[in-house]
Structures are given as C-alpha cells and as structure tokens.
Amino acid sequence: MNNDSFNIAGTDFSSRLIVGTGKYKDFEETARAVEASGAEIVTVAVRRVNIMDPNQPMLVDYLDPKKYTYLPNTAGCFTADDAIRTLRLAREAGGWNLVKLEVLGDQKTLYPNMVETLHAAEVLLKEDFDVMVYCSDDPIMAQKLEEMGCCAIMPLGAPIGSGLGIQNPVQIRLIVEQAKVPVLVDAGVGTASDAAVAMELGCDGVLMNTAIAEAKDPIAMATAMNFAVQAGRAAYFAGRMPKKLYADPSSPLGGLI
Amino acid sequence: MINITLNGDPHKVENGQSLFDLLQHLKLDPKKVAVERNLEIVPKSTYQDIKLKEADKLEIVHFIGGGKTL
C-alpha cells in the first residue's frame with residue numbers, strides 16, 4: 001500500500017479523492033474542507049467575472065493553484081458547444097490542459113448526455129486537452145471514451161447531488177475491469193461508506209462535492225472521506241472474504257465444555 | 001465612444017481602447033481571467049495588441065468554486 005499513487009495524464013497523485021469547491025459557506029470553509037480531505041485535485045467552475053465588483057474575493061486567493069491541481073469542469077453545460085467553449089476559456093485562464101468534461105442531459109436528473117459528451121470529447125482531444133470525462137455507467141460508452149483517448153473515465157454512482165450511494169456496483173465493476181485508464185466514481189456519494197464501496201469495487205478514485213459541502217460539519221466529513229477512500233482502497237487490496245449464506249463460527253468448536 | 005457587449009450587458013469604451021486597457025480600467029488582474037472575443041479565445045499575450053471595435057462581444061471569465069452543477 002505504500003506508494004500507491006495513480007497517474008492521470010502523466011502526473012502522479014497520491015490522494016485518490018478529488019473534491020469539488022462549490023456549495024460551501026465561504027472560501028475560508030472551502031479551503032479548510034479541501035485541506036482536511038487530503039485531496040490534491042480540486043474541481044472548479046468557469047464563470048463570468050463580476051464587472052461591478054472586481055474586488056470580490058477569488059478562489060485562487062484561498063486555494064493556491066500551485067499547491068492544488070485545478071480541474072476546470074463544465075458542470076452546468078447542456079451542449080457540446082458550451083462545454084468546449086468553457087474549457088477553451090479555462091485553459092486560457094489557467095494555462096493547463098487537464099480538464100473535466102461534463103455535458104448534462106436535463107435539469108431533473110442531471111444525467112450525462114452521452115451524444116453531446118462524445119462530440120465534445122472528440123473536439124477537445126483533437127485540441128490536445130487531457131480529458132477526464134463524466135459519463136453514464138454503460139461499459140460500452142466507457143470503452144468508447146477510452147479508445148478515443150480520454151485520460152480518465154468517471155461514471156456516476158447515482159444522480160449528481162443525490163447522495164444515494166453507489167446504485168450500480170455491477171456496472172462500475174465492469175467498467176473498472178476493462179479500463180486501462182483510471183476510473184473514478186463521479187457523483188452519488190452521500191457518506192463515507194459510499195466512498196469506501198466505490199474504492200472496494202476497484203475504482204482508482206472518487207470525486208465528490210455535495211457529500212462534504214452539505215454535511216452538517218463539512219470539515220469533519222472531509223476528514224471522514226479521506227479515511228474512507230484509503231480504507232476502501234486497502235480493503236480492495238486485502239481482498240474481502242467470500243460471502244456465505246449460513247453462519248460460520250469464528251471460535252473453534254472443539255474443546256467446548 | 002463605441003458600444004460593446006461585455007458579459008452579456010451593453011458597455012461603452014473609448015474608441016481604439018486595447019483589451020489590456022479595458023481590463024485595467026475594470027481593475028481585473030489579466031493573470032486571473034480569460035477573455036473570449038466574438039467567440040474566439042484571446043491569448044493572454046495579445047491583450048495589449050487587441051483594439052476593441054464597435055459591436056465586439058466580450059466574455060471575461062475566471063475560476064470560481066464549483067463541483068458538479070451549480
């Protein structure tokens with residue numbers, strides 16, 4: 001387990017937890033939660049600056065882009081064109097190629113629109129972006145995205161922000177087994193045990209935002225998620241015992257009085 | 001003065017003003033933002049050279065906290 005790092009697009013990361021930076025009370029709390037989570041990669045959004053009040057605090061003043069890998073994402077984009085535009089701007093703003101592509105299908109489910117996602121991925125890959133891609137839990141889609149050249153596959157475990165936990169362990173496992181690039185569960189985690197389940201399935205990492213930001217105590221939950229991801233990873237390597245239908249005593253029966 | 005659209009709203013700037021001057025005027029740090037002009041990304045290195053024209057559409061963006069959807 002020592003030196004159990006994973007590699008995304010040529011860079012090694014030792015923390016397998018990626019956290020979002022939205023929904024927090026303020027930047028102060030964001031920074032403390034990220035610190036507690038142990039995450040090395042944080043997702044960020046690209047939005048218009050407030051022309052009227054340019055002196056508003058900025059995220060970069062609280063989370064040093066030299067210390068954390070900023071992963072610009074396209075959350076909130078519903079078309080390939082919007083996602084592509086957003087990530088081109090992100091690359092110019094930050095100067096890095098690693099991005100998270102996410103094209104959503106509808107407001108109600110926030111399910112990925114895979115047709116638009118494939119189209120956007122194709123354009124971005126041609127422009128030399130390193131694309132981590134949010135996708136449905138369909139193993140065929142996952143394979144297609146990998147073949148195209150995406151550097152990480154990120155299926156949902158449950159709808160974004162639902163906190164329902166991993167609803168699709170079979171599909172996630174199928175994707176993990178076939179993939180040669182990192183697979184991260186992106187969306188659906190509600191509490192620490194959910195993150196552990198994802199890691200026990202053999203995922204390379206977990207991405208979450210709401211589970212930490214909307215916990216009663218976000219800093220404490222960030223710490224819990226840090227442990228959960230490590231515990232799940234350790235359990236995956238340890239190899240769980242087989243499940244059985246009936247009891248199996250753990251004390252020897254011989255020598256009973 | 002010429003009329004441009006800045007982040008979706010009408011805005012007036014001096015004729016021939018450079019993008020760099022506009023950012024300075026808006027008190028925005030060029031290092032922390034990215035600019036799209038008429039749907040084309042403007043490389044940071046060219047902010048000084050870009051002279052704004054009538055009806056230009058500018059988008060000036062930066063990174064904010066974000067995870068999944070906001």
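This report describes the interface of chain A and chain B in a predicted model.

## Basis

Local features need pLDDT of at least 70, and side-chain atom pairs count only at pLDDT 80 or more, while totals for chains, interfaces and linings use all residues. Residues are numbered from 1 along each chain as its sequence is written, chains are lettered from A in the order in which they are written, and side-chain values use heavy atoms, without hydrogens and water.

## Extent of the interface

Chain A gives 41 residues to the contact and chain B gives 29 residues (contact means heavy atoms within 4.5 Å). Together the two chains bury about 3000 Å². That is the accessible area (1.4 Å probe) lost on putting them together, summed over both. Carbon and sulfur atoms carry 65% of it.

Three salt bridges cross the interface (a side-chain nitrogen of Lys or Arg within 4 Å of a carboxyl oxygen of Asp or Glu). A:Arg48 forms a salt bridge with B:Glu59. Their closest N and O atoms are 2.7 Å apart.

## Strand pairing

Strand β4(A) runs antiparallel to strand β5 (residues 57–65) of chain B. Five bridges join them (strands are DSSP runs of E, at least two residues, numbered from the N terminus; two strands pair if DSSP finds at least two bridges between them). A:Val46 has B:Phe63, in β5(B), as its bridge partner.

Conventions. Helix = DSSP H or I, 4+ residues; strand = E, 2+ residues; numbered from the N terminus.
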